[in-house]
Amino acid sequence: MVLYNIRTMSATFILHGCWSIDVPPAVGSSRLFPKLLSPLFTYNHKLHPVLASISHSSAVDHTSSHSISHHSPTESSLILIRHGESMWNEKNLFTGCCDVPLTRKGVEEAIEAGKRITYIPVDMIFTSCLIRAQMTAMLAMTQHHQKKVPIVTHNESERATTWSQVYSERTTKQSIPVITTWQLNERMYGDLQGLNKKETAERYGKEQVHEWRRSYDISPPNGESLEMCSRRAVAYFKDFIEPQLKSGKHVLVAAHANSLRSIIMYLDRLTSQEVTSLELSTGIPLLYIYKEGKFSSRGSPVGPTETGVYAYTQSLAVYRQQLDEMSR
């Protein structure tokens, strides 16, 4: 059962009386987001599922029954994956926050992404609330050599928490918690959502549509700009994902072009001009190594036989060796 205690506009979340997380007042504050979106994303009940999920994940023992020692207090891996092709990608429609699934090609891309990261450790998964990102994460993990089962945490209500509780310690050790959050959603395209991109360019002009799609601080009608998307995505990354990496956990983030652009802008210290030209292919994983407070980009792993990936850090090399020994 999750108990909530709100004090001075901050929060302490307690799980089963022993695990807790203190949430700073800035998280979820309306000052982070424009008035346009404030009716959709209010502080009170919308953030409870996210924060409670983090508390739940902190309580999970991520070591397997084979006791793989791949954690390091100063070194961890971060995998970023843009979802595979969606049905609206295929139709060339503005998708934004509309919730549509993957195409057959998108499924294949997600599976291929999983093959590329099969020997890179994963302790936690963060995805958006949109099905195309969640499908990508789940399908990718079917290929992972670790053979752990990703389980979506449900803390949107006390009942949801109780009904989705896992009561087997052994099963918990063989699982990976999946945290879903709207802060990692694609940017909201407002009045453009569902419109054909080519037809929209013919109606409003190519220059206007290009400005809506690729400028940093100009938003489409009633939608989000990349800057607005960046505020929520980066704030969430700093407050909830980065602390997990600092603690030595290895994290997979499956999200969208613009929420991932925002995070990469933060990781690589890109300018607003540089980030607008950043292209992310569907289903291609990107690897970062967190070490001593710094993020190092390692590009995209080619596959499980690529020796260079495991030469990046000692912990990844040891982790792969242990997995190989387990499979013999």
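A residue counts as buried when its relative accessible area is under 20%, as exposed when that area is over 50%, and as partly exposed in between. The structure described here is a predicted model. On this scale W212 is buried, because its relative accessibility is 7%.

**Aromatic pairs**

W212 pairs with Y204 in an edge-to-face arrangement, with 5.2 Å between the ring centres and 70 degrees between the planes. Y204 is partly exposed, since its relative accessibility is 38%. The structure holds seven aromatic pairs. Another of them joins F94 and Y189, whose rings are tilted at 45 degrees between the planes, with 5.3 Å from centre to centre. This pair links distant parts of the chain, as the two residues are 95 residues apart. F94 sits in the loop between helix 2 (87–90) and helix 3 (104–116), while Y189 belongs to the loop between strand 7 (175–180) and helix 7 (197–204). F94 counts as buried because its relative accessible area is 1%, and Y189 is buried at 8% relative accessibility.

The two pairs are set out below.

| Pair | Arrangement | Centre to centre | Angle between planes |
|---|---|---|---|
| F94 and Y189 | tilted | 5.3 Å | 45 degrees |
| Y204 and W212 | edge-to-face | 5.2 Å | 70 degrees |

Elsewhere, F237, Y266, Y290 and F295 form one aromatic cluster.

**Surroundings of I151**

I151 is part of strand 6, which spans residues 149–152. The side of the scale on which I151 falls is partly exposed, because its relative accessibility is 28%. Leaving aside residues up to four places away in sequence, I151 touches V166, S175, I176, P177 and V178. The C-alpha atoms of I151 and I179 are separated by 8.8 Å, and these two residues are 28 residues apart along the chain.

**Cavities**

Two cavities of 30 Å³ or more are present in the structure. The second largest cavity holds about 40 Å³ of space. Its lining consists of R187, R213, R214, S215, L226, N258, R261, V275 and T276. Helix 8 (206–214), helix 10 (257–268) and helix 11 (272–276) are the elements that give two or more residues to this lining. By residue class, the lining of the second largest cavity has four charged, three polar and two nonpolar residues.

**Backbone with positive phi**

Most residues other than glycine have a negative phi. K147 has a positive phi, near 60 degrees, and is not a glycine. K147 is placed in the loop between helix 4 (131–141) and strand 6. K147 counts as exposed because its relative accessible area is 62%.

R269, also not a glycine, has a positive phi of about 55 degrees. The position of R269 is in the loop between helix 10 and helix 11. With a relative accessible area of 74%, R269 is therefore exposed.

How values were computed: Residues are numbered from 1 along each chain as its sequence is written. This is a predicted model: local features need pLDDT of at least 70, side-chain atom pairs count only at pLDDT 80 or more; totals for chains, interfaces and linings use all residues. Side-chain values use heavy atoms; hydrogens and water are left out. Rings of Phe, Tyr and Trp (its six-membered ring) pair if their centres lie within 6.5 Å; planes under 30 degrees apart count as stacked, over 60 as edge-to-face and the rest as tilted. Helices (H or I, at least four residues) and strands (E, at least two) are DSSP runs, numbered from the N terminus. Buried means under 20% relative accessible area, exposed over 50%, partly exposed in between (1.4 Å probe, protein chains only). Contact means heavy atoms within 4.5 Å. On a 1 Å grid over the protein atoms alone, a cavity is a set of points where a 1.4 Å probe fits but cannot get out, and a pocket is an open set with protein on both sides within 12 Å along at least five of seven lines; lining residues have an atom within 4 Å of a point. Grid points are joined across faces, edges and corners, and a volume is the space filled by probe spheres set on the points. Ala, Val, Leu, Ile, Met, Phe, Trp, Tyr, Cys and Pro count as nonpolar, Asp, Glu, Lys and Arg as charged, and the others, Gly among them, as polar.
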